Amino acid sequence: METTFTGNQSIITEFVLLGFSELPDQYFLFFIFSTIVYLSTILGNMLIIVAVVSSPGLHTPMYFFLANLSFLEILYTSTVVPKMLASFLRKEAISLAGCLLQFFIFGSLVTTECFLLAIMAYDRYLAICYPLHYSLLMGSKHCVGLVVTAWLSGFAVGSPIVTLMAQLKFCDSNHINHFYCDFKPVVGLACSDSRVLQATTFILSVICLTIPFSLILTSYARILVAVLKVPTGARRRKAFSTCSSHLAVVSTFYGTLIVMYIAPSAVHSKLLSKVFALLYTVVTPIFNPVIYTLRNKEVHQVLKKLYLRQLSE
């Protein structure tokens with residue numbers, strides 16, 4: 001353990017990630033499961049990006065947002081999962097600066113995803129409810145502006161939180177009972193006053209989670225009303241299937257985040273807290289490419305053409 005000394009008090013400058021220390025006999029299963037899911041997430045999202053970039057037919061707002069979502073998923077799972085996999089094999093140490101950096105990048109990317117999912121729901125709402133005005137409302141400049149705003153907003157929200165965290169002093173235990181540097185386990189180790197930090201984090205969490213989630217629910221509710229007006233048939237069944245699948249993924253993602261950051265007292269077990277975190281760090285990212293894109297026939301055709309082209313070269 002690395003420490004510096006200030007007077008009679010030692011200040012911790014390095015942490016140890018305990019991971020799933022409550023289940024030592026299950027480490028190997030966790031390692032295999034997480035490795036397979038992580039590699040599948042990277043591969044699935046890379047295929048989506050390649051398909052969208054290489055095919056002019058997929059140069060539409062919906063696929064532009066999906067490509068950004070896939071790129072984001074690759075970044076934020078890669079911020080956490082490799083360190084988590086290493087913790088299954090040995091006690092994984094991380095410096096205070098490295099811990100804050102991991103939290104900042106991961107938290108900013110998660111916030112960006114909250115905004116991006118809301119933009120995607122709004123895009124589907126415009127496409128289904130205002131098809132005649134869709135191309136005007138979702139022009140290329142508008143799409144780029146929305147995505148840039150989502151990315152900048154995500155990192156802007158993370159900045160004040162990590163700045164306040166950097167002012168904390170850690171002088172007792174250096175063991176983080178988690179598989180990455182999450183807010184609650186890290187702040188719980190601080191021996192200085194963290195009330196301003198916790199209040200700031202709570203307020204920003206409420207704003208960044210409830211507002212986008214409300215926009216998503218409102219968009220899909222209006223989509224549902226519009227779909228119900230369509231005569232029964234394949235188009236109506238497809239719309240219902242798509243909306244229900246999207247809502248399942250979105251509800252899992254937002255639900256776990258709301259429990260973790262807005263109502264953390266609802267999770268009484270540290271193990272349960274890690275399971276919730278596992279949902280939005282490992283499980284949800286593998287669902288996104290499957291639900292949003294890989295079920296799509298247009299993407300299937302593009303990937304098939306790319307595969308056949310590679311075989312012919």
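The unreviewed UniProt entry lists "transmembrane region" for residues 27-50, 62-81, 93-122, 143-166, 202-227, 239-263 and 275-294. UniProt positions follow the numbering used here, feature names are shortened, and annotations may be inferred rather than shown by experiment. The model is predicted: local features need pLDDT of at least 70, side-chain atom pairs count only at pLDDT 80 or more, and totals for chains, interfaces and linings use all residues. Residues are numbered from 1 along each chain as its sequence is written, and side-chain values use heavy atoms, leaving out hydrogens and water.

Two of the listed spans were examined. Residues 143-166 are 96% helix and 0% strand, with end C-alpha atoms 35 Å apart. Residues 202-227 are 100% helix and 0% strand, and here the end C-alpha atoms lie 37 Å apart. Helices (H or I, at least four residues) and strands (E, at least two) are DSSP runs, numbered from the N terminus.

Two packed helices are described by the angle between their axes and the distance between the axes. Axes are lines fitted to C-alpha atoms, for helices over the stretch in contact, and angles run from 0 to 180 degrees between N-to-C directions. Helix α1 (residues 27-54) and helix α2 (residues 61-89) have axes that come within 9 Å and cross at roughly 160°. Helix α1 is therefore roughly antiparallel to α2. Angles under 35 degrees count as roughly parallel, over 145 as roughly antiparallel, 65 to 115 as roughly perpendicular and the rest as oblique. The contact of α1 with α2 has 20 nonpolar, eight polar and one charged residues. Ala, Val, Leu, Ile, Met, Phe, Trp, Tyr, Cys and Pro count as nonpolar, Asp, Glu, Lys and Arg as charged, and the others, Gly among them, as polar.

Helix α1 also meets helix α10 (residues 297-312). Their axes come within 10 Å and cross at roughly 85°. That makes α1 roughly perpendicular to α10. Leu 47, Val 50, Ala 51 and Ser 54 of α1 contact Val 299, Val 302, Leu 303 and Leu 306 of α10, where contact means heavy atoms within 4.5 Å. Seven of these residues are nonpolar, one is polar and none is charged.

The axes of helix α3 (residues 96-129) and helix α7 (residues 195-228) come within 9 Å and cross at roughly 20°. The two helices are therefore roughly parallel. Their contact includes Thr 111, Phe 115 and Arg 124 of α3 and Pro 212, Tyr 220 and Arg 222 of α7. By class, it has 17 nonpolar, two polar and two charged residues.

The whole structure holds two disulfides, each a pair of cysteine sulfur atoms within 2.5 Å. One of them joins Cys 99 to Cys 181, with S to S 2.1 Å. The link is left-handed, with -125° about the S-S bond. Cys 99 lies in helix α3 and Cys 181 in the loop between β5 (175-176) and α6 (183-187). The pair links distant parts of the chain, 82 residues apart.
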